[in-house]
Amino acid sequence: MWRSLTSIIRPCVESSAAPEQQRDILKSVSKTFYIETFGCQMNAHDSEKVIGTLEHEGYLRVEDEAEAGLILYNTCSIRDKAEQKVFHRLNEYKRMQGEGKKFAVIGCVAQQEGTRIFDKAPYVSLVSGSASYRNLPQMLARLEAGENRITGLDDRQTDETFETEFVARTNPHRGYITIIEGCDKFCAYCVVPYTRGKERSRAANSVIDEAIRIADQGFTEIQLLGQNVNSYNDPSAKMTFAELLAAVGSVPGIKRVRFTTSHPRDFTKDIVDAIDAVPTLCDHVHLPVQSGSTAVLKAMNREYTRDWYLERISWIKAAKRDISMTSDIIVGFPGETEQDLEDTATLLEEVGYDQVFAFKYSPRPNTPAVTLADSIPDEVKVARLQVILERQRAIQKASYQRHLGEVMEVMVEGHNHQRGQVTGRSSQNKTVNFTVTDPILPATGSYRTVKITQTFPNSLVGEAVRVN
Ligand code: SAH
Ligand code: SF4
Ligand code: F3S
C-alpha cells in the first residue's frame, strides 16, 4: 500500500522541501479517501463538491479502495430496492474493517435509512444526507477525533444550499452548477422530497459568480442543475429562471449552457423565448411527462393534465430554433390500464421526443404510493416498458432523419480509433460520430463544424467541414 502512495506523492517529497515539511506532506497524505457515487447528475456533482471539500481538509483521493483510510459511498434511492443494494455493498466493506479503515455513507439512501445504517453496519462511522454536506468539515473533524455514529440527518428543512469554492470537477469541459436543491412537489411515487429535503435556491449573483469563475478556468460548457431546475426562485428576488439562463449564457467564454431537469408545472414560455434569444443556450429541453394519461398523472400527483403538458410542448415547437425534447416515463404505476399505456404511447408520438428514459414503477419507502397495492405484475411492467421503448425507437428512427445534410457545431468528447471517428455532442445533446481529413485529431473540448451524412435512432454520423 505505502509503495504506491509514495509514488503518488513523490513529486512533492522529492522537492526541495525541508524535512519537517516532508513529514507534514506524509502526514497529510495518510488521510486518504476513496469515493463511489451512484444516482443522478445532482449526486455526481455533490460528489465533486464533497471531493473538493475533503481535498481542502488535507485528504488525498485514491483510485483503489485498498489504499484508502476513508471510504465514502454516495448513494441513490430512486428505485429498484436501492437500500438492499446499499446494505449488500456495505457487507462487502465489512471484511475491510480490520484494516483500520473508516466508512461513511452519504446521499439519498443515507438520509432515508438514517441510523438504521449503524445498526446494520456498525463499522460505518458517518451517515449524512445531502442537505447536511455544508457541515462536512465539522463532521470530518469528529471522525478524525475517533468519534463514531456521526450523523448529518437533521437539515432537510434548511434554507441553506451547499455552496463551496472547493469543487473537484471531473469533466474537464462541462462545468456543473447546482442552482436549486431539494423538492417540494411530492409526486406520489418519489423519494426525493424525503431524501433531499425542502426546495431551496441559490442567489443569482452567486450562480453567476461561479459561472464566471469556471469560464475563467477554461470551461466552455455549463450545465445548471436542480431536481426541478426551472422551479428556481432567486432568494435575492433579482432574476427569474429565464433571466438567469440568459445571464449565464452571456458569461464571456461560455459557448453552451444546458439545464436539467425541467418540471412541466413550472415551465414558462419565457424559457423558450430565452433559448430563441440567446444562442449559447442549448436547443434542448428535458421535460419529463411520466405518463400520457391524465388519470395516471392525477394519481401520481403530478398536478398537470395531458393537455396542460402538451400546451407547454406547443410553445417549444413554436420556437424559431429546432428545440430537441426528451422525457422520463414510468410504466406500471398502480392502477395503470392498457388504455393509459396507449395514451402514453400516443403522447410520445404527438410530441416526437428525441430520447425517452422509461422505468418500471417501483414502490419506494415513505412515499404515498407505497400504501397502494403494487397492482401491476412485474411481467406486465416488463411488457409495457418494451412497448414504450419500441414505439419510441420508431419515433427516433424517423425524427433523427431531419438532420440529414444539416451542418452543426459539435463539441469533441473523444476518439474512436478503431472506427477512425471522432465522437462528440451537438447542442441538442445528440451523439455525433464524424471523420476528419486532418492528420491531427481535434482535441477533446474543442468544437468542430460537422455535416451530417447518415442518421441512426440514437446517433448521427458526419464529416468535419471547413468554415470560412
Ligand atoms: N424531478 C424530476 C425527476 C427526478 S427523478 C421530475 O419530476 O421530472 C428521475 C426520474 O426517475 C423521474 O423522472 C421518474 O421517471 C423516475 N422515478 C422516480 N421515482 C420512481 C419510482 N418510484 N419508480 C420508477 N421510476 C421512478
Ligand atoms: Fe420526485 Fe416529483 Fe420532485 Fe421530480 S418533482 S423530484 S419526480 S417528487
Ligand atoms: Fe437518486 Fe437521490 Fe438523485 S434518489 S436520482 S441520487 S436525488
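The entries below follow the order in which I looked things up.

**Ground rules.** I am working from a predicted model, in which local features need pLDDT of at least 70, side-chain atom pairs count only at pLDDT 80 or more, and totals for chains, interfaces and linings use all residues. I count residues from 1 along each chain as its sequence is written, with chains lettered from A and ligands numbered from 1 in the order in which they are written.

**Domains.** I noted four domains: domain 1 (31-152), domain 2 (171-282), domain 3 (284-400) and domain 4 (404-464). These bounds come from an automatic or database domain assignment. Between the centres of domain 1 and domain 4, taken over C-alpha atoms, I read 38 Å.

**The annotated cysteines.** I checked UniProt, where an unreviewed entry puts the feature "binding site" at Cys40, Cys76 and Cys108.

I found Cys40 in the loop between strand S1 (32-37) and helix H3 (41-56). Cys76 sits in the loop between strand S3 (70-75) and helix H4 (82-94). Helices (H or I, at least four residues) and strands (E, at least two) are DSSP runs, numbered from the N terminus.

Buried or exposed: where does Cys76 fall? It counts as buried because it has 21 C-beta neighbours inside 10 Å. Cys40 has 16 such neighbours, so it counts as partly exposed. The scale is buried at 20 or more other C-beta atoms within 10 Å, exposed at 12 or fewer, and partly exposed in between, with C-beta atoms placed from the backbone.

I also listed contacts of Cys76 (C-beta atoms within 7 Å), leaving aside neighbours within four places in sequence; among them are Phe38, Cys40, Asn43 and Cys108.

**Ligand 3.** I counted 13 residues around ligand 3 (C-beta within 6 Å), the closest being Gly39, Cys40, Asn43, Cys76 and Cys108. H3 and helix H8 (192-196) are the elements giving two or more residues, and H8 gives the most, with three. Domain 1 and domain 2 each supply at least three residues to this shell.

**Ligand 2.** The residues around ligand 2 include Cys183, Cys187, Cys190 and His263.

Conventions
UniProt positions renumbered as here; feature names shortened; annotations may be inferred. Contact = placed C-beta atoms within 7 Å.
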